[in-house]
Amino acid sequence: MKSLQYTFPEGFWWGSATSATQAEGGAGEGGKGFNVWDFWYQQEPDKFHNQIGPADASSFYHNYKNDIALMKSLGHNSFRTSISWSRLIPEGVGEVNPEAVTFYRNMIDELKQNGIEPVINLYHFDLPAPLMEQGGWESRSTVKAFADYAEQCFKLFGDQVNYWFTQNEPIVPVEAGYLNVYHLPCVVDFRRAVQVAHHFVLANACAIDRYRRLNLTGKIGIILNMSPTYPRSQSPEDIEAARLADLFNTRAFLEPVTKGKYPKELVALLKEHEQLPKYERQDLDVIAANTIDVLGFNYYQPRRVKARTEPYPADAPFVPWKFYDYYAMPGRKMNKHRGWEIYEKGVYDTLLDLRDNYNNIEVYISENGMGVEGEMAFANAAGEIQDDYRIEFIQDHLQWIHRAHTEGCNVRGYHLWTFIDCWSWLNAYKNRYGLVSLDLATQTRTVKKSGHWFRETAINNGF
Ligand code: BGP
């Protein structure tokens, strides 16, 4: 056996992540209700890259057995996907769809029979459409509906699943839906954004509460996208800007879910600017009593920040970037195929932060990956993508994760985004991330060079 430079701890998770809406397809099949993406695509198909909608996913709904066999052959010992709320409960509340129960039980069972730990997330941007009509996440009734849905999942699949996650990247629907117009309802309104953010935090805590009441033996957590924040310079103004950017973008979620409290400073700042959400006194007790067991950490890119050169206009609507400005560092390394900075050490810096300031909470890398537009240009004559750039990207991140582990960080695994090239919201198939490429028209899967490399790495538990 070849000698390894980086050996990972025993039981380290090797695998990949996807989500229901991005992989299943079968959008109108098996009794599934519409979610916001099905609805939006029906209304405005032009918004979606090449007009491809969620019905054209990689057909995991039909093909899960073959895909799981392929996963196993590529060394997976764990795999994260989500349950589609609108497949399980088509109206968002009320009746459970029996076909969905059969599908998810069979799919989870198939993973287990193949020695793959199922890691199940409950919410990945895919609100049932009828709930959006009733105010979506701005409405308290959605928090209750989510907790009821979560409880159904725990009762239906709790005997099969040891690792649950309540939500993936809750800040994304907050920002994309209420500040940046990439998700429905496509409005720009910070007051509404902050209301939605509070409801996500509360819904996470309510779901954990329901889980614990059932006395199941697994672990439950949340998945956050976290970018370490770096100031442009060591000037007090840049440092202050970075601190505030971190407060709004990371600590606003990380602190309540791990410590049971919103950061005091954030609350004071929102109060001063009259931007506090509506809440009830007991919300804070529920949040305090229901912190997570385990954290999923999605890492793609760092956040670089500088002080604003011009003060933000006093009469302009409130936005977090009133307090900071983004900064494109000269000479930064870029993934030119996606337009995101690559900064491998960022994953290490955040893991150290979790070790030192968040009680060394159990964490795993729940997404990391490299999106590439026009990736077929890298295919060889046999159609196999020679993605050496992705292998290098993964290796460079794994080295820092390995180092964090040797320095005492409680990091337990690495999931690549993603297994098979998947549909990605408004970007559809623009950026390919998979270990396996997908020919959408024929649904043919071809393992990329990175897929073969991943297999070796997972089997050797290092490289
Ligand atoms: C993450 C999301 C995934 C996925 C990924 C790639 O933030 O959790 O759902 O979409 O980003 O994004 P994109 O396709 O926009 O490059």
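**Exercise 1. The ligand and its polar neighbours**

In this predicted model, find which side chain has an N or O atom 2.8 Å from an oxygen atom of the ligand, then look at what else surrounds the ligand.

*Solution.* Start with the pair at 2.8 Å: an N or O atom in the side chain of Gln 22 sits at that distance from a ligand oxygen. Next, turn to Glu 169, where a polar side-chain atom is 2.7 Å from an oxygen atom of the ligand. Then check Asn 168, whose side chain places an N or O atom 3.1 Å from a ligand oxygen. Finally, widen the view: the ligand is surrounded by 13 residues, and the closest are Gln 22, Glu 169, Arg 338, Ser 424 and Tyr 433.

**Exercise 2. Backbone points to check**

*Solution.* Begin with the background: most residues other than glycine have a negative phi, and most peptide bonds are trans.

Pro 185 belongs to the loop that links helix 8 (171–178) and helix 9 (190–213).

**Exercise 3. Helix 14 and two partners**

Describe how helix 14 packs with helix 13 and with helix 15, naming the residues that meet.

*Solution.* Two packed helices are described by the angle between their axes and the distance between the axes. Take helix 13 (residues 345–357) and helix 14 (residues 388–406): their axes come within 8 Å and cross at roughly 25°. Helix 13 is therefore roughly parallel to helix 14. The crossing is right-handed.

For the contact itself, helix 13 contributes Lys 345, Val 347, Tyr 348 and Leu 351, while helix 14 contributes His 397, Trp 400, Ile 401, Arg 403 and Ala 404. Sorted by class, these are six nonpolar, one polar and two charged residues.

Move on to helix 15 (residues 449–460), whose axis comes within 8 Å of that of helix 14, with a crossing of roughly 35°. This crossing is right-handed too. Asp 388, Arg 390, Ile 391, Ile 394, Gln 395 and Leu 398 of helix 14 meet Lys 449, Ser 450 and Trp 453 of helix 15. The class count for this contact is four nonpolar, two polar and three charged residues.

Note on methods: Residues numbered from 1 in each chain as written. Predicted model: local features only at pLDDT ≥ 70, side-chain atom pairs only at ≥ 80, totals over all residues. Heavy atoms only, no water. Axes fitted to C-alpha atoms, helices over the stretch in contact; angles between N-to-C directions. Helix = DSSP H or I, 4+ residues; strand = E, 2+ residues; numbered from the N terminus. Parallel < 35°, antiparallel > 145°, perpendicular 65-115°, else oblique. Left-handed = near helix turned anticlockwise from the far one by under 90°. Contact = heavy atoms within 4.5 Å. Nonpolar A, V, L, I, M, F, W, Y, C, P; charged D, E, K, R; others polar. Near = heavy atom within 4 Å. Polar contact = N/O pair within 3.5 Å; in protein donor to acceptor, adjacent residues only side chain to side chain.
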